[in-house]
Amino acid sequence: MSSSPVPVPVLRTVQVLGGASGGAHVRSLATGLAARGVRVTVCAPVETEGEYDFTSAGARFTPDAVSALRAAVVEADVVHAHGVRAGMRAALALRGRRVPLVVSWHGGGPGAGRLSLLLERHVARAAAVVLGASSAQVDLARLRGARDARLAAVAVPAGPQGPVAVADPGKARAELGAVERPLLIAVGSLVRRRGYSVLLDAARAWRTLDPVPLLVIAGEGPMRAELARRIEAEGLPVRLLGRRRDAARLLAAADVAVLPSRWEARSPLAQEALRVGVPLVATAVGGVPELVGEAGVLVPYGDAGALAAAVSGLLGDPARREALALAGRVQAMTWPSEDDTVAQVLSVYDELTSRRR
């Protein structure tokens, strides 16, 4: 008489997201975890469900109200918060419960205020494991008091057809007004740490080039009015595009991608640019040097002259741009895939839940 197999309990995880930032990563995780039989609940702002459609990825979605988050974590085996603020909310919801908290660290960088430092310390100490997308973030989490901080690279989702390919880059350039002039692109929210004020300083120097390149910035945020005033007052060859769902398509049609940030961990723009073979000029901050290696041109943060010269040099050197395009694709092949990312996260979950058995 054969005995019945012992049923394997289903792993239940709650993914906590504080805003749109990190939404693509959470959707990628939800898709991969659900495909592996994990029961996934995403607790996030309502608008993120409309943008990332976590439900179709196999997850249950619940709004990020305090009461909804507390209800969601009741039956969770692991709670995974994305970002320091989401980590704080998750830690409060879990107070008094013996459920491990994993935090993907999106905080840090120079210039953090006292309140941010206190928040980071609390979250670092509350987490069973902190996952940093770069070595710099792992070091910072340990400095803030994390008991267990690990490197966990975040793969940029490549989409259903893989990396973006532009069948007609001329059409994308025509839409932007860059048919017979170089096209430069920056992508990211219009906030101070992105370094857009320095980027506009560099754009002044590009007015002397012939033809004058067009810089387009895809993103939205609180600095929009300030940047728009400068562009108009100084006659800069810059267009603010607002938030674009087709930013990856525009990036693939550009001559050079520019990342002027004060701090980046594992920049989605840098990953997308190298993956599609667009030469990158970026600041040597945070995790950027580790991510890019020799496949991009790195300059100091805040040095508008160095930024302008690096871009001008590339525009005047087609052979160098071609070499960087090839190097970027090679570098991108060394990065972990979405499957690798999901597998690493799942191994952390399994490790934490096995301690509780």
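How many bridges join strand S8 to S9, and which way do the two strands run, parallel or antiparallel? There are 5 bridges between S8 (residues 183–187) and S9, and the strands run parallel. Keep in mind that this is a predicted model.

**The S8 side**
- Across from Ile-217 of S9 you'll find Ala-186.
- S8 and S9 also belong to a β-α-β unit with helix H8 (residues 196–206), and that unit is right-handed.

**The S10 side**
- S9 is joined to strand S10 (residues 238–242) by 4 bridges, and this pair runs parallel.
- Ala-218 has Gly-242 of S10 as its bridge partner.
- To get from S9 to S10, the chain goes through helix H9 (residues 224–234) in a right-handed β-α-β crossover.

**The H3/H4 helix pair**
- Helices H3 (residues 66–73) and H4 (residues 84–93) pack at about 65°, and their axes lie 9 Å apart.
- The crossing of H3 past H4 is right-handed.
- H3 brings Val-66, Leu-69, Arg-70 and Val-73 to the contact, while H4 supplies Arg-89, Ala-90 and Ala-93.
- Sorted by class, that contact of H3 with H4 comes to 5 nonpolar and 2 charged residues, with no polar ones.

Definitions and conventions:
Residues are numbered from 1 along each chain as its sequence is written. This is a predicted model: local features need pLDDT of at least 70, side-chain atom pairs count only at pLDDT 80 or more; totals for chains, interfaces and linings use all residues. Side-chain values use heavy atoms; hydrogens and water are left out. Axes are lines fitted to C-alpha atoms, for helices over the stretch in contact, and angles run from 0 to 180 degrees between N-to-C directions. A crossing is left-handed if the near helix is turned anticlockwise from the far one by less than a right angle, and right-handed if clockwise. Contact means heavy atoms within 4.5 Å. Ala, Val, Leu, Ile, Met, Phe, Trp, Tyr, Cys and Pro count as nonpolar, Asp, Glu, Lys and Arg as charged, and the others, Gly among them, as polar. Two strands pair if DSSP finds at least two bridges between them. A crossover is right-handed if, with the strands pointing away from the viewer, the path from the first strand over the helix to the second runs clockwise.
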